[in-house]
Structure formats: C-alpha cells, structure tokens
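Morning, everyone. Please bring up the sequence and the structure, and keep both in view while I talk.

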Amino acid sequence: MNISIVSVGKLKEKYLKLGIDEYLKRLGPYAKVEIIEVPDEKAPETLSDQEMIMVKNAEGERILAKIGQDVHVIAMAIEGKAVSSEELAKNLDQLATYGKSKVAFVIGGSLGLSDAVMKRANEKISFGKITYPHQLMKLVLVEQIYRAFRINRGEPYHK
C-alpha cells in the first residue's frame, strides 16, 4: 500500500519530527508512507470571511496538485465521521482488498480544508471533536496508521 499524508505547512518542531520519523520507520515493513508538505498561505491574524476562503482555496490548490486521479482521498476534518482505531484499521484493510492501493490522507492548515479538497475527498474522517494543531495532527495520524497495520496483522501494540 502507498500512503501519502498531504498537509499544509512545514513541520518545524524537532520533537514532532522525531516522533513522525520513528513511526515512519516502524511502518516500513507494512507500507510505503510519505509526508508531503505544501506551503501555507501567508495571511494576517484577522481575516474576513472572504479572505479566509481565499486562503483555503490557495492551500487547496496546492494540496490537489499533489494528489493523482487514481488516489483514494481521506480528508481529516472535525465534521468528518468519527472513527476508532479499529474502524480505521478495517477501512485501510478494505481499501487494500478492493484494489485501492494508493491512499492520501489530507490535513488542512489552521483554517481547515477548501471546498474543492472536501469535494475531492472520497471520505472524511475525524479523530474527535477537539481541534488539533495541524502539525501535531501529522504525528497523531501517522501513529494511528501504524496502529491500524498492527491491528490488521494481529500483532501486539493495540491496547
């Protein structure tokens, strides 16, 4: 399985990079996983509704440029379907079983995802109703992908 995590913004915090690198290393035997970072749109702290849409659209165009037509897209969104670790594992297993070997998880910037990205998404999932910083979400997501592969193979880790 080829999994991409397409996210807005460059990861700067060393502790997050170390955590992500550790899980990417652990994922090596299970899948090819890559992190694709697209630049965030520079914007002032306070934005009008129209300016927010413009920022999300610009970031959305960058995201969509990194996703091929044959890729199954999973948008990470608070309003998405809340999933458990077991449900994520089952979903990834079913995608692989039915020939969807290219999967992209998409994490938006601080304003979320554009309408165009949400329309392109084959599904929208959520890890709960709380808001995660989008950089921390990368670490949480890569850990959950690793957990999913361990669950699917009946290997110890999931508790």
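Start with two tyrosines. Tyr23 is buried, and Tyr146 is buried too. Keep in mind that this is a predicted model.

Now the rings. A pair of aromatic rings is described by two things: the distance of the centres and the angle of the planes. The structure holds 3 aromatic pairs. Take Tyr23 and Tyr146. Their ring centres are 5.8 Å apart and their planes sit at 50 degrees, so this pair is tilted. Where do the partners sit? Tyr23 is in helix 1 and Tyr146 is in helix 5. The pair links distant parts of the chain, 123 residues apart.

Next pair: Tyr30 and Phe149. This one is stacked, with 5.8 Å centre to centre and 20 degrees between the planes. Tyr30 lies in the loop between helix 1 and strand 2, while Phe149 is in helix 5, so the pair ties together parts 119 residues apart in sequence. Buried or exposed? Both Tyr30 and Phe149 are buried.

On to the cores. The largest nonpolar core has 30 residues. Which members touch the most others? Phe105, Leu141 and Ile145. Helix 5 gives the largest share of this core, 8 residues. Look at Ile145. Leaving out residues up to four places away in sequence, Ile145 touches Ile3, Ile5, Leu27, Leu88, Leu92 and Phe105. Apart from that core lies another, of 16 residues, including Val8, Ile63, Ala75 and Ala77.

Notes: Residues numbered from 1 in each chain as written. Predicted model: local features only at pLDDT ≥ 70, side-chain atom pairs only at ≥ 80, totals over all residues. Heavy atoms only, no water. Core = buried A, V, L, I, M, F, W, Y, C linked by side-chain atoms within 4.5 Å. Buried < 20%, exposed > 50% of the residue type's maximum accessible area, 1.4 Å probe, protein only. Helix = DSSP H or I, 4+ residues; strand = E, 2+ residues; numbered from the N terminus. Contact = heavy atoms within 4.5 Å. Phe/Tyr/Trp six-rings, centres within 6.5 Å; stacked < 30°, edge-to-face > 60°.
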